Amino acid sequence: MKDKFIYLIIGFLILIALQYTGGLIAQLMGLKFPSALMGMILFALLLHFKILPERLIEHACKLLLDKMVLFFVPIFVGIVLYFDLIAKNIIPILSSIVISTLITMIATAIIVDFIVERNQQSND
Amino acid sequence: MIEFVQKITDIPLFWLVATVVIYRISQSIGAFRYIKKVPPIIIASGLLIFILDKLSISYEDYNSDACYITYLLGPATVALAYPFFKNFKMVAKNKKAILVGTLSATVIGLISVYLVAQWLNANNDITLSLLSKSITTPIAIEVSKNIGGIPALTACIVAITGLIGGLSGHRVLRALKIKHNISIGLAIGATSHVLGTSRCIEKKQEQQAAVGGLTIALVGLLTAVLAPILVKFIL
């Protein structure tokens, strides 16, 4: 129990450090690239080449991924600031989102399913 | 009474604790039959908006406490590499499908949202804010800024998109008889970013989450490159 808690803290600190390092790299390269995304790429590389042992970050990753939806709550509450603008344009905004999301989701799933299927057949 | 409320809400980080507690309550409200289908995030934000309004507390005051919760999105996004790492073999075996899929999702997503917005006569500000709707919040805000949208409105649009995609995704794709976890994870990650992918995690679909996490990064990257080109083309 105590061990798990310590690993949780260590893992969490590692993730934050990775995000900042990612941001730093993006800045040095002169890219307008979000630090979290660069951190994610960095993290994937460190895990893949076994530079970072899995047990250090396992608990922190699971916890953060599990609670991720909670982290969106303050952004959702922020909708009040744009309530008038959204309410006035509710039809174009919602329709664009719904129609485009459905078209993209369906088309993408069909395309990918097709390629995966063909791959598996050629492998057999 | 008013003084009392003010004293309590002035406690440092009061709204941070309140947000977590209200979210927990919203999760357990889901146990009641009729509101089972409403996601906790809707109930929680609805309750918070209502409470802030009743106590006439501004969003700025609320967010000066609650913003620390939003900061956790950073490390959580970094952590998305973990399911990817756990399922690396599956991803490597399907790299072609993943690359073609993310590219087509980005292009179809950008063009379809632009066409629908034009068709419904959305004004320029709104259209530009809509373009980065399906990518993760931190990139969406940067892209929106770059192409002349309203970044904060984009953040709201991204949240709504993630919610709609996350809620409908598995149902729609099941109805279409999409079989492979790669296709499902990719279609959901490419349209409804982190919020959609977190639904895959809730459903214990690790493979979907792995592809989803990778897709979020790739689609974010591609949109950051392609959206400004599209804007130059259409304006």
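Visitor: Why does the distance between the end C-alpha atoms of helix α11 of chain B agree with the span its residues should give?

Guide: Keep in mind that this is a predicted model. Helix α11 of chain B covers residues 151-175, which is 25 residues. At 1.5 Å a residue, α11 should span 36 Å, and its end C-alpha atoms are 35 Å apart, so the two values agree. Just after α11(B) comes B:Lys177, with a positive phi of about 60°.

Now the interface. Chain A brings 70 residues to the contact, and chain B brings 92 residues. The area buried between chain A and chain B is about 7,400 Å². Carbon and sulfur atoms give 82% of that area. On the chain A side, A:Met40, A:Phe76 and A:Met105 lose the most area to chain B. Together these three account for 9% of what that side buries.

Polar pairing is there too. The interface of chain A and chain B has 11 residue pairs in polar contact, counting pairs with both residues at pLDDT 80 or more. Several helices of chain A each supply at least two residues to the side that touches chain B, among them α1 (2-28), α2 (35-48) and α3 (54-66). The helix that gives the most to this side is α6(A), with 29 residues. By type, the chain A side divides into 50 nonpolar, 13 polar and seven charged residues.

Next, the charges. Side chains of opposite charge can pair when their charged atoms come close. The structure holds five salt bridges over all chains. Two salt bridges are found across the interface of chain A and chain B. A:Glu54 and B:Lys86 join their side chains in a salt bridge, at 2.9 Å from N to O. Within chain A, the side chains of A:Glu58 and A:Lys62 form a salt bridge at 3.1 Å, N to O. Both residues lie in helix α3 of chain A, four residues apart, about one turn of the helix. An α-helix has 3.6 residues a turn, so residues three or four places apart point the same way.

How values were computed:
Residues are numbered from 1 along each chain as its sequence is written. Chains are lettered from A and ligands numbered from 1 in the order in which they are written. Side-chain values use heavy atoms; hydrogens and water are left out. Contact means heavy atoms within 4.5 Å. Buried area is the accessible area (1.4 Å probe) that two parts lose on being put together, summed over both. A salt bridge is a side-chain nitrogen of Lys or Arg within 4 Å of a carboxyl oxygen of Asp or Glu. A polar contact is a pair of N or O atoms within 3.5 Å; within protein, one must be able to donate a hydrogen and the other to accept it, and residues adjacent in sequence count only if both atoms are side-chain atoms. Ala, Val, Leu, Ile, Met, Phe, Trp, Tyr, Cys and Pro count as nonpolar, Asp, Glu, Lys and Arg as charged, and the others, Gly among them, as polar. The expected span of a helix is 1.5 Å times one less than its number of residues.
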